[in-house]
Amino acid sequence: MDKKHKVSDLQSHTGVEVMRCYQCGKCTAGCVLASDMNYPPSYLMRLLQTGTKENYDKILHSNSIWLCLNCENCLGRCPMEIDIPKMMDYLRTRSISENKMHPDSKPIIAFHRSFLDSIKHTGRLYEVGLIAAFKSRTFRFAQDLNIAPMMYLKGKLHLLPEKIKDRRHMKRIFAQTIENAKTETK
Amino acid sequence: MKIGFYPGCSLTGSSREYNESVVAVAKALEIDLVELKDWNCCGATAAHSMNEELSLSLPARIMALAEEQGLKEIVVPCAACYNRLKVTQHELEDQPKRNRVAEILQMPYKGDLKIINVLQLLEAYGTENIKARITQPFAHKVACYYGCLLVRPHAILKFDRVEDPQSMDALIQVIGGTTMDWAFKTECCGGGFSVSRTDLVVKLSGNILKDASDRGAEALIVACPMCQSNLDMRRGAINKTLDSPIDIPVIYITQAIGLALGIGAKELGLKRHFVTVEL
Amino acid sequence: MSSNTDFEPKIIAFVCNWCTYAGADLTGTSRLKYATNVKIVRFPCTGRIDFLLLLKSFAQGADGIIVSGCHPNDCHYTSGNFHARRRWIAFRSILDLMGVDIRRIQYSWVSAAEGSKWADLVNHTVADIRSLGPYQEYQKIADYLEKGGYHGED
Amino acid sequence: MSKIGVFICHCGENISATVDVERVAREVGGMEGVAHAIDYKYMCSDPGQTFIKEAVKKYNLDGVVVGACSPRMHEPTFRRACAEAGLNPYLCEMANLREHCSWVHEKSEETTEKAIDLVKMLVQKVKKNKPLDSIKVPVTKRALVIGGGIAGIQASLDIANTGHKVILVERDPSIGGHMSQLSETFPTLDCSQCILTPRMVEVAQHPNIKLYTYAELESLEGFIGNFTAKIRLKAKSVDYSTCTGCGACIQKCPVKKIPSEFNAGLGTRTAIYVPFPQAVPNKPVIDRVNCNYYKRGACKICEKTCQVGSIQWDREDEIVTEEVGAVVLATGFDVKGADFFPEYGYGKYKDVLTGLQFERMASASGPTFGEIRRPSDGVIPKKIVFIACAGSRDPAKGIPYCSKICCMYTAKHAMLYQHKVHDGESTVFYMDIRAGGKNYEEFVRRAIEEDTVNYVRGRVARVYEKDGKLIVKGVDTLLGGQQVEIEADMVVLATAGVANCGSEQLAQKLHVSYDPYHFFAEAHPKLKPVETNTAGIFLAGACQAPKDIPETVGMASGAAVKVAALFSNDELVREPLVAVVNRLAPPLYSTCVGCFMCETACPYNAIEHEDIRGRDGSLIKTIAKVNEGLCQGCGTCVAFCRSKSIDIQGYTHEQVYAEVMSLLND
């Protein structure tokens, strides 16, 4: 009944036609993180091809979509030119909106959120603020304690953020996009 | 020669030496870099992992600003920013997406800005010009590391060849260096996982360093701040996973060219590296 | 337009011998039923069809016309159907400009294996033309032809 | 006034069950110009045909309309009957009352009325019909075969054995083609050269075959039965009438490092060379691009060596003209080189070979005398990886089709390797195993089960070199996508089979169509696999699509039979449904204004130019003329002609117009 429903949703959002995949496995063969994933990319394609909700949920719950680095080696070599990275972007947003994130995603999402927060407020990346926010999100206070002072000594860390002038513009962009999406899904 | 310049966040922070070397080399080659006013972050991996519209709007603002400031062409040294801008420009060829982004930005966007990376800037400037100004040939055997974002997706970037690219190798050869055929030219270093999944970055960057080192590279040459920081700042963690530590430096193409042009190490930011540069 | 239920449109089909004529034969051997309003005129190829003949047909009282040949790349004569299609695209805009109701011309491809497609094509064309009603503005075309646009049987 | 006879068939009850046939006959009988109208149970039966014949004579009919089944069914029958009664067969037309009327409508008034309309339409048409005569064209009983691989060899021998002359043209210095490069052949593992060489010799010695090697088709003009071929004989620089083929010149030639085409680049050859020892003809040619004398003007060592003075430095290309009646295209295929694959190293790794290179290496006559050795260092590889579908089934690389032969030759290669290197390990990465064919599946199973070839289902993402090994990054999709990394000594790519270089240009010279991949197109994918859409030109072998040896030989014999059938007639008879340009009395001569739009429209190049001259020989005008031999009667020219000067017999403006008007003015 709702068979293929999610898959067609994916196609309309990303233009990726999962049925084009003929399971040659070349994406997996060249993926640098395939062995760390619950489902390597070609296997994930097969799960999508079944079109069942059960398999779709498996994907949304998996760490595969979070470990994908979007390095695009798979797309570069895919004989059918299937845009797996684009699909991964979409699956990540679905996983968040359906609240099905794999535990492995926590630090990754925390990092992304801290990163975006920084941009929202200053327009540019404030690395010290990013690290502080990331640590408070993940409770990883001890991480990178050894490299931070070194970075400071090498002149790589600014203690104060750089700010753009039109910060209101940034806020508006965020309000119209990611924050808008959040309220929609709630 | 006058050209727009978008440094991006990394170049003002953790990768200042890239900025310094780009500026120094441009000055030496008499290229006038005009920095984009009031530029913002491109959103990097975070934005397109989290929200598509945001990931398009942030780069679109940068390009709209450039258009507004009358720039026809901008050089984007950071490979990640270069990639985001190029991909966004491609995505916005789709009219509904373009309309939506224009609505979010409240700014006009034409989409005809020419976006180039540092290698293209140096190529365009002409290898002959660089050759003519060499004072100290860069006589080193090095491995050119391109990473992901400079060459993929090939269909959109249309830069160099997708496997085994050559443009950086050609520049190194111009300044008297020796390049090598090695296996990890375009394999991913772990990119944006530097902080969130350091373990994976250590594994992937370790593979890259090991192959280059095994083949006798004296240095890795890069054109991406993310690659540089993973391969350089994470070296301590990487070396812990290896049988024997690797101490070859990771330098930017602009630093290598700067050295050949006789620019001082300090001016090129070579003192800022974690792994000591002795070239 | 609701009063057209008892209107029986006159429709002529200009078809090629190799694909659509044979496809219509297959409709017959498959005993599929369709409306009697359409009568087939056989051509060697849609490439042979002079589109001015279509105008002449309207001028003489046709309510609708079907042009159908081989699918692209399947033309018995390699490229006749491409020529026909190209001419049709050009011709359609001229017709439109002249004020001819181009909805009354159905351009289609039916292969020798598509018996049921032929039946569908006939039935929906008949239904469409029926809802459009009798073609009464044909006089315009007749006038145009009078002015020397076309000399039928030369 | 016309005297038309109308004959309405009941077709048993097939027509009469829904159509009131008597009323049809009655109403049509009342038409102006209809002299006779009847209905009968089976018009196609013997008595039915007799009715027609008798009526033709009795009423002196000048036109016949049979209202019965589809003309695609019985038009020839009724036209023949008319001809037998002395009426020109093209004055007989059929109204399709069965397929287009009785079978597709219910019994009703409307159905009968439609039947009446259809018959009336044909009556109006037949009034405008003109008697036509069949077109007869003579046949030159000599065939041109282009390409001297196994397809061309087989076709030539088969045609020659029917007693007809054959001209065989081969681009290279020797016939033999790809088959002569192969080591053993699947699924029998018999030696390719052993079975091919005798046929090559037979070609050379056959009294009916004229062989032109080192030659290419320059142009082909004419039409079925009457082609004129111009053939360029490339300068061999050696006089074959005196050359004894002793080979002394080859021994002494100082230019020795030219990659050998025959050995797929693995071995080398000299500038004066015979491609391989069993070549036919076994005499050398000079490769002028690489010869020192042609490059720098000095050397001539071969001339000094030659005992019989056969070297001809100033020999030029020669064009010969041959009249032929049929052409067989057998130009074969090519394979992609390793440089086509970025992910497998752009061809920069010496030990990444193509299947054809491996074939040469496995061949006893090859550069390693049949031993499998790495080109880089001559070491026998202990681990070898075969990659199937290299380029094939890869839309991103522009080759979406399956190359068909790779599954089988890859199994053969792995098997040969295991037979030659007993302690070696071989792995085949494959997507699907396509082993349809007699004893093919059994052959692949033997490779897997008896010769322990390791088959892994998955594609290889990349190959790179490290420490003298080739690192192959593959995957086993049957294990849920487990990565497989192999440190191989050699990698063999089963590279895609593609159309031969120059096939597009050749197709344009011959006016045959080709597919998007430049393989020649057959006339019908099922029922006319060896014909092209140009009458008289046939296809054999892999120039049409990749195929294996048995299929190629079968197709070549099929093409030969088509040629022989064509040559079994002294004249060709064709339906006269062709285009004609009108001719009028002087001073107009024709309404044709010579714009030649028809020429651009014609897919068959059937439009010729004809000069009309006055009595004094001065040119009055140039008009179009239709070559009846080439015209296939599509009529596209008719729609293109602005001055309505060209018309198509059987579907003239007058006839079609009469039909349409009949339908509308009742």
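**Notes on the four-chain model**

1. In chain A, the C-alpha centres of domain 1 and domain 2 lie 28 Å apart. Domain 1 of chain A covers 5-97 and domain 2 covers 105-185. These bounds come from an automatic or database domain assignment.

2. A word on conventions. This is a predicted model, in which local features need pLDDT of at least 70, side-chain atom pairs count only at pLDDT 80 or more, and totals for chains, interfaces and linings use all residues. Residues are numbered from 1 along each chain as its sequence is written, while chains are lettered from A and ligands numbered from 1 in the order in which they are written. The model scores ipTM 0.78 and pTM 0.79.

3. The secondary structure of chain A comes to twelve helices and zero strands. Helices (H or I, at least four residues) and strands (E, at least two) are DSSP runs, numbered from the N terminus. The C-alpha trace of chain A spans about 55 × 35 × 30 Å along its principal axes. Of the 186 residues in chain A, 46% are buried. Buried here requires 20 or more other C-beta atoms within 10 Å of the residue's own; 12 or fewer is exposed, in between is partly exposed, and C-beta atoms are placed from the backbone.

4. Contacts come next. Two residues are in contact if their C-beta atoms, placed from the backbone, lie within 7 Å. Take the contacts in chain A between residues at least 6 apart in sequence: 67% join residues at least 24 apart.

5. Four pairs of chains are in contact, and chains A and B share the most contacts. This interface takes 44 residues from chain B and 46 residues from chain A. On the side of chain B that touches chain A, α1, α3, α4 (52-68), α6 (95-105) and α11 (198-214) of chain B each supply at least two residues. The most come from α3(B), with seven residues. That side of chain B divides into 20 nonpolar, 15 polar and nine charged residues. The classes: Ala, Val, Leu, Ile, Met, Phe, Trp, Tyr, Cys and Pro are nonpolar, Asp, Glu, Lys and Arg are charged, and the others, Gly among them, are polar.

6. Chain B has two assigned domains, domain 1 (2-118) and domain 2 (135-272). Their centres, taken over C-alpha atoms, are separated by 23 Å. The contact between them uses 25 residues of domain 1 of chain B and 27 residues of domain 2 of chain B. On the domain 1 side, two or more residues come from each of α1 (9-12), α2 (16-28), α3 (44-50) and α5 (79-91) of chain B. The largest share, nine residues, belongs to α2(B). By class, this side has 13 nonpolar, eight polar and four charged residues.

7. Chain C meets chain D through 37 residues of chain C and 39 residues of chain D. On the chain D side, α4 (98-102), α5 (109-128), α17 (636-640) and α18 (653-664) each supply at least two residues.

8. Which pairs lack a contact? No contact joins chain A and chain C, and their closest C-alpha atoms lie 24 Å apart. No contact joins chain B and chain C either; here the closest C-alpha atoms lie 27 Å apart.

9. Chain C has an open, parallel sheet of four strands in the order β2-β1-β3-β4. Strands count as paired if DSSP finds at least two bridges between them. At the edges stand β2 (38-43) and β4 (105-109) of chain C; each has a single partner strand, so one side of each is left without a neighbour in the sheet. The twist averages 20 degrees from one strand to the next. Axes are lines fitted to C-alpha atoms, for helices over the stretch in contact, and angles run from 0 to 180 degrees between N-to-C directions.

10. Within that sheet, β1 (residues 11-16) and β2 of chain C pair in the parallel sense over six bridges. Ala13(C) has Ile40(C) in β2(C) as its bridge partner. Helix α1 (residues 20-29) of chain C packs on the sheet and touches β1, β2 and β3 (64-69) of chain C. The direction of α1(C) makes about 115 degrees with that of β1(C). Helix α4 (residues 115-132) of chain C also packs on the sheet, touching β1, β2, β3 and β4 of chain C. Its direction makes about 155 degrees with that of β3(C).

11. Confidence in chain C: the mean pLDDT is 84, and 87% of residues reach 70 or more. pLDDT is the predictor's confidence in each residue, from 0 to 100. Over residues 149-154 of chain C, pLDDT stays under 50. The model has twelve contacts beyond four places in sequence for this stretch. Where pLDDT is low, the predicted coordinates should not be read in detail.
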